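This report covers a strand pair and the salt bridges of one model. The sequence and structure come first.

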Amino acid sequence: MITMQHETQCAGWFKIEATRPDGTRRVLADWFPNLILNGGLDRMGASADYLGWCQVGSGSTAPVATQTALVNRIAGTNTLQANVSGAQASAPYYGWYRRTYRFAQGVAAGNLSEVG
């Protein structure tokens, strides 16, 4: 009998930028880790569309793993500006996806404290 062990980990990281009409960018929040909730992990295992949307909100409570929605959703978008992926071919092995979402001007305004 052959026994194999395989460990899989995932992490969510976000960077938030504003783009002015002239195309210049301003970093609002540099790369930061984001908790992947139970619902997100379930979605990853059940469907390939788990990265189809980006939602932002203004909730002020700490996230918990069993949360199923943003506390105070402000806006969401499925408008994709870029989709890039890659993999590390030698140890430590990993793969990654980077998706850039675009919100319409003024839709995601205000103090944003939640992203998912």
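## Terms and basis

A residue is called buried under 20% relative accessible area, exposed over 50%, and partly exposed in between (1.4 Å probe, protein chains only). A salt bridge is a side-chain nitrogen of Lys or Arg within 4 Å of a carboxyl oxygen of Asp or Glu.

The model is predicted: local features need pLDDT of at least 70, side-chain atom pairs count only at pLDDT 80 or more, and totals for chains, interfaces and linings use all residues. Residues are numbered from 1 along each chain as its sequence is written, and side-chain values use heavy atoms, with hydrogens and water left out.

## Salt bridges

The rule gives three salt bridges. Glu-17 pairs with Lys-15, with the closest N and O atoms 3.5 Å apart. Glu-17 is partly exposed at 31% relative accessibility, and Lys-15 is partly exposed at 34%. Arg-25 also forms a salt bridge with Glu-17 (3.5 Å, N to O); Arg-25 is exposed, at 61%.

Asp-49 and Arg-43 meet in a salt bridge at 2.7 Å, N to O. Asp-49 is partly exposed at 41%, and Arg-43 is partly exposed at 41%. Shared partners join Lys-15, Glu-17 and Arg-25 into one network of salt bridges.

## Strands S5 and S6

Strands are DSSP runs of E with at least two residues, numbered from the N terminus, and two of them pair if DSSP finds at least two bridges between them. S5 (residues 80-88) pairs with S6 (residues 94-101) in the antiparallel sense, over eight bridges. A hairpin of five residues joins S5 to S6. Leu-80 lies opposite Tyr-101 in S6.

Notes: Helix = DSSP H or I, 4+ residues; strand = E, 2+ residues; numbered from the N terminus.
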